[in-house]
Each structure stands twice: as structure tokens, then as C-alpha cells.
Amino acid sequence: MKLEEYQLAKAALQTGASLAPRDSKFTNLLKQCHDLIAEESHVITPIIPEKHTMITRAVSAKELRQENGVAEQMTVTVARPKYRHEFYQKPDEVVVTIFAKGIPQDSVTVDFGEQILSVSIEVPGEDAYSLQPRLFGKIVPAKCRYEVLSTKMEIRLAKVEHIHWTALEFRGGATVPQRAIVSSVTDIQRPSYPSSKPKRVDWDKLEAQVKKEEKEEKLDGDAALNKFFRQIYQDADEDTRRAMSKSFVESNGTVLSTNWKEVGSKKVEGSAPDGMELKNWEY
């Protein structure tokens with residue numbers, strides 16, 4: 001909210017409220033966020049001069065009936081995509097699945113950009129398929145990959161930042177904050193960030209202040225536990241992160257292990273809390 005990224009702040013606050021429903025801080029901040037979004041999106045209606053005149057034409061009842069008849073006959077045809085696609089995500093990557101059955105490997109072309117995914121499927125004798133979304137966040141093209149299987153193709157996008165994507169495609173209101181690139185040359189002046197606002201903001205000072213407040217913030221209950229786990233994940237090495245992600249996903253959120261040697265070679269079974277039992281649901 002201090003960076004004036006209100007849509008992203010709203011998504012983050014809603015996630016926080018779902019994790020800590022008894023914390024009134026999220027309710028108050030969400031109300032402030034809604035007010036700021038409404039203020040930012042306020043539209044001023046232009047005033048029409050009193051001397052403005054309008055020329056009208058008399059329309060007969062017959063003409064009106066004819067126009068209505070034409071309007072009723074008009075239909076809008078929306079072309080459905082040839083293949084269905086969906087996505088899910090991990091802390092460090094987004095996996096896009098395109099359900100295209102039996103397509104040849106050489107008929108698929110996939111390109112990765114900084115924030116663009118381009119997929120083209122051209123099978124001889126069939127209509128071409130194209131998927132070119134502007135992604136919600138930035139990716140690392142060199143670490144992205146894809147695989148064509150017998151019933152589908154999977155595309156793995158490596159995230160630049162470990163943030164939650166609320167959608168696969170970028171929406172106008174939900175922007176992703178970008179980190180400033182620190183130059184290795186000390187005598188070069190750091191660039192100032194452009195802004196449509198008349199006021200000037202020291203983003204470096206503000207970022208340091210926000211991080212300091214987050215570090216000094218005292219939490220209780222589940223919020224403190226979640227912060228503790230996030231700190232472990234942030235400071236951990238690659239094997240520890242893989243162990244945490246694998247154990248949490250495979251156990252449906254009931255087990256969190258940091259030992260990759262222990263969980264890397266087997267499936268992690270769920271462990272229900274005392275007084276509860278696990279049930280397998282069939283979809």
C-alpha cells in the first residue's frame with residue numbers, strides 16, 4: 001500500500017485475512033485499500049455546455065419494428081479455443097498444462113520472454129492453435145522448459161520472484177512490483193523511478209523502512225508460526241526448500257520437513273492432528 005500498488009496489496013491482504021481470520025488488522029487495512037482503489041479509479045464526467053444542441057430524426061413505427069427485428073436476429077459467435085489449458089504454481093515455478101492429445105513433437109513451438117509465453121501448435125490438416133499471454137509476473141527464460149506427452153503438454157515457468165500469482169495472465173489493475181537492480185559500480189548514480197504522481201518518493205528508503213517494520217513486527221498464534229516457516233524457507237538452501245515443498249504438497253499440508261534425504265526418495269504420507277483422521281476424496 002505504501003508503494004501505491006493497491007490491487008496487489010488487496011490480493012495480499014485477502015490472503016492474509018484467510019490465514020488469520022481473527023486478526024482485525026487485515027479488516028482495517030482492506031477497508032483502507034478499498035477506499036484508495038475507489039479514489040484512484042474515480043472518473044470525472046465532462047460538463048456539456050447548455051448551448052449544445054441535438055439533431056433528431058423522426059422514426060416511423062414501421063422502421064422501428066424493422067430495426068428491432070434485425071437486432072433480434074443478430075447473434076454473437078464466440079470462438080472456443082481448440083485446446084483447454086490450466087495452471088498451478090509452486091513457490092518457484094508455474095506449471096501450465098495444455099490438454100492437446102496426440103500432437104507430434106515437431107508441430108509444437110514454444111518461446112519464453114521476460115514476461116511473455118508464446119505457444120504455437122500447427123498440425124497438418126488442422127486449424128492452428130496459439131496461446132500468447134502476457135504473464136502475471138516475470139520469468140527466467142533460460143530456466144523454463146516444456147514437455148510434450150501423449151495426452152497433454154506441460155510448460156514449466158521459472159519465477160523471478162517467489163510471489164503468488166493470482167492469475168496466469170497479467171491484468172491491468174494487478175501489477176507485480178519489480179526490485180531495483182543494484183549496480184556494482186559505486187560511483188554511478190542510481191536511477192530515479194518514473195511516476196505519474198507530482199510528489200517524489202525515495203523508494204529505497206521506503207523499502208528499507210517496510211522491511212524493518214516487518215522484521216520488528218510481533219505476531220501471535222498462527223501468524224507467528226507462518227512467519228517463522230517463511231523465514232526458514234527464505235534462508236534455506238535448495239535441498240531444504242525442495243524438501244519443504246515436497247513434504248507439504250504430498251501430505252496435503254499436514255507435514256513440513258526440511259530433510260531432503262528423508263523425503264526425497266519416497267512419498268510423504270499425511271499425518272492428521274490428534275483427534276482427527278485423514279480421508280481420501282475421489283474427484
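Tutor: A residue is called buried when its relative accessible area is under 20%, exposed when that area is over 50%, and partly exposed in between. The model is a predicted one, and the terms just given apply to what follows.

The account opens with helix α1, which covers residues 6–19. Its 14 residues should span 20 Å at 1.5 Å a residue, and because the end C-alpha atoms are 20 Å apart, expectation and model agree. Within α1, the residues Y6, A9, A11, L13 and G16 are buried. These buried residues pack against α2, the helix formed by residues 24–40.

Two packed helices are described by the angle between their axes and the distance between the axes. For α1 and α2 the angle is about 160°, and the axes lie 10 Å apart. Angles over 145 degrees count as roughly antiparallel, and α1 and α2 are therefore roughly antiparallel to each other. Their crossing is left-handed. On the α1 side, the residues that meet α2 are Y6, Q7, A9, K10, L13, Q14, G16 and A17. Their counterparts in α2 are F26, L29, L30, C33, H34, L36, I37 and E40.

In soluble globular proteins, nonpolar side chains tend to be buried together. The largest nonpolar core of the model has 25 residues, and those with the most contacts inside it are I98, I103, V119, I121, M153, I155 and L157. At least two residues of this core come from each of β2 (93–99), β3 (108–112), β4 (117–121), β5 (129–131) and β7 (153–158). The strand that gives the most is β7, with four residues. A second, separate core has eight residues, and Y6, L13, F26 and I37 are among them.

Neighbours within four places in sequence aside, I98 is in contact with Y83, R84, H85, V119, Y129, L131, K152, M153 and I155.

A contrasting case is E269, located in the segment after α7 (260–263). Its relative accessibility is 56%, so E269 counts as exposed. Beyond its neighbours within four places in sequence, E269 is in contact with S251 and V255. E269 and F248 are 21 residues apart in sequence, with a C-alpha to C-alpha distance of 9.8 Å.

Key:
Residues numbered from 1 in each chain as written. Predicted model: local features only at pLDDT ≥ 70, side-chain atom pairs only at ≥ 80, totals over all residues. Heavy atoms only, no water. Core = buried A, V, L, I, M, F, W, Y, C linked by side-chain atoms within 4.5 Å. Buried < 20%, exposed > 50% of the residue type's maximum accessible area, 1.4 Å probe, protein only. Contact = heavy atoms within 4.5 Å. Expected span 1.5 Å × (residues − 1). Axes fitted to C-alpha atoms, helices over the stretch in contact; angles between N-to-C directions. Parallel < 35°, antiparallel > 145°, perpendicular 65-115°, else oblique. Left-handed = near helix turned anticlockwise from the far one by under 90°.
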